Amino acid sequence: MNAGSAIDPAMDMKPLLSIRHICKNYGDTTALDDVSLTIARGEFFALLGPSGCGKTTLMRCIAGFETPDAGQLVLDGCDLAGMPPYRRPVNMMFQSYALFPHLNVYENVAFGLRRKGLAKDVIEARVSELLRLTQLIPYGARRINELSGGQRQRVALARALAPGPTLLLLDEPLGALDRKLREETQFHLKQIQRETGTSFMIVTHDQDEALALADRVAVMRAGRIEQIASPNDIYDRPASRFVAGFVGDTNFIDGVVHHQSAAHLVTDFGAITLSDCQLADGAGATLSIRPEDILARHEGAGIAGVVEDFVFRGDNTLLRVRVSDAMTLRVATWDSRFAVGERVVLQFPAETPALFAESA
Amino acid sequence: MKEAPRLTRGQLLVLLAPYLWIGAFLLAPLLLILKISLSQSVLARPPYRPLFELADGIAGLWSKAQTLTLDAYRTLFTDSLYLDAYISSLTIAAIATLVTLLVAYPFALAMARAPANWRPFLIGLAAAPFWTSFLIRVYAWIALLKDEGLINKALIALGMIDTPIEMFATRFAVIVGIVYSYLPFMLLPIYAALERQDPTLREASADLGASPFETFLRVTLPLSREGVIAGVLLVFIPAVGEFVIPDLLGGSDTLMIGRTLWNDFFANHDWPTASAAAVVLLALLIAPLVALERLRYDPKKDGS
């Protein structure tokens, strides 16, 4: 399949899926609170958030297993309201895989095709294609309980892709795999997504997974969307303190904004120059700075601190530097020549996009 | 392959107890029946020739053994009464089992899909008939089914029929009795199998385009096979040898092997023929048991 043909620029203007003001409550609990987003054709989209943030509920609303209390879902120009799951042109890969234990691998993959009443040779060709795509050709006759976790995961993927959905929903697709297999599978998933040109929507609580796989990420918290952006922007320009803390490792530095020739954040260990500040003079604020964005040097100008301890992490070393009685900063450095108790100087980056007002 | 674990002495004792029980109270009487079935009928008490008498000693055993005969079995196959009774028993039991299955399955499905906090109550209701004597419950059906019974009276009162429908003392009544009495034995294993099923499998089926009916046919039903097999065995096997229900609800045309056996033992005092009939019945029942057992998952394939 040609990935280029799937992304037609003219069609790209119209989103594949529009989620408009979806709300869902379970008794007193709000699962989804006015969620809106769009997914483009051929896009790899990730819904990222801690457990209970509503990401799985949103996915189940799209698949048709839950009915939103309010709002609208439009897929390919067609309102999904009242459409039962078995009529929706979306398929889902379940977190537990939900493979049919009474059928072998081949029949699991063929299940959706048989329901469409396709001709036998068409089904055979399509199943073979998917078994090849998921590297399962030798396992067609196996029963599900004879497969390893990784193989089951691939059967689940092949089965969900078989009917040729316009949108594939993946619920924590890598959650049950061990770390090494997970990375391998991430590449494999991306490759399959490119090859088939299908839009993928993945639900995950694993930030690495979301950042590694998706073209765009929506970070959710307590039923609301905090930010929708590319992985780079999510990481570098988090829209809220929550996003900054949830995605990646960071330092939160509290202080007061002070405008004086340039904007500064005045903290108990010194002033940090701010590149861009919309906040008023004297406002309380929190700055998020990634450990790798702080430069630790043995000498020179900057904020002074003492190395409290360090952890060697292979590609870099993570220092904990005490800058005041109340504050230690985490600093990632490639320089491994720091010793505990050593006085160091910290330099902050010129760009400080992750500044949040106190209430945020 | 894992090596079979060795049994500790405690495990051995625990395992031994039920086997001793079965040996003493099932296998031994069964052998006795087998022996009687090979004996000659005599006018005595007991009404068959014994195999072993203390006075004869071991030497007498051989001469007595030579008196053993297959006469009783010959009777079974020459007297059409027995052949008819077998066929009739198997037919009635098969129809009754099928009807029980058709009644119990939707019932079990509804129970398994009911809210989780309702289920214990529903199981309690399904088992409630056991609180009354089986005999009384079957007897109650006479009052319902007979010509001047409740059902006929109601139908006449409603003007749907003029003359009572003849239900009591028919094959129909026996089947109704069996379905009614054995329903819980079908219901509970099917319920157990359905309740165990992972509901996400149904979601997956719907997601892949299967309508609710197709999901039932392709996922729910095949995955409940174990429960259906267990239920069918639990109903069919006792139904074939059923005595009380055909005796109370049946008529002259509902000849079942249980009644024939009873007559031979207690009315005709022909113990060898009755025993032979019992042995053949046992053989007939082992056949479907083995057949259905083969339909189950191969344990080597079905590891989980």
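**Labels and their cut-offs**

Modeller: Ala169(B) counts as partly exposed because its relative accessibility is 27%, where buried means under 20% relative accessible area, exposed over 50% and partly exposed in between (1.4 Å probe, protein chains only). This is a predicted model, in which local features need pLDDT of at least 70 and side-chain atom pairs count only at pLDDT 80 or more, while totals for chains, interfaces and linings use all residues. Residues are numbered from 1 along each chain as its sequence is written, chains are lettered from A and ligands numbered from 1 in the order in which they are written, and side-chain values use heavy atoms, with hydrogens and water left out.

Colleague: What phi does Ala169(B) have?

Modeller: Ala169(B) is not a glycine, yet its phi is positive, about 65°. Most residues other than glycine have a negative phi.

Colleague: Why is Ser261(A) called exposed?

Modeller: Its relative accessibility is 89%, so Ser261(A) counts as exposed. Ser261(A) also has a positive phi, near 55°.

Colleague: What makes the buried residues of helix 6 of chain B line one face?

Modeller: The buried residues are Arg137(B), Val138(B), Trp141(B), Ile142(B) and Leu145(B). Seen down the axis of helix 6 of chain B, they fall within an arc of 165°, so they line one face; the arc is that of the directions from the helix axis to the C-beta atoms. The face turned away from the buried side carries exposed Ile136(B) and Tyr139(B).

Technical notes: Helix = DSSP H or I, 4+ residues; strand = E, 2+ residues; numbered from the N terminus.
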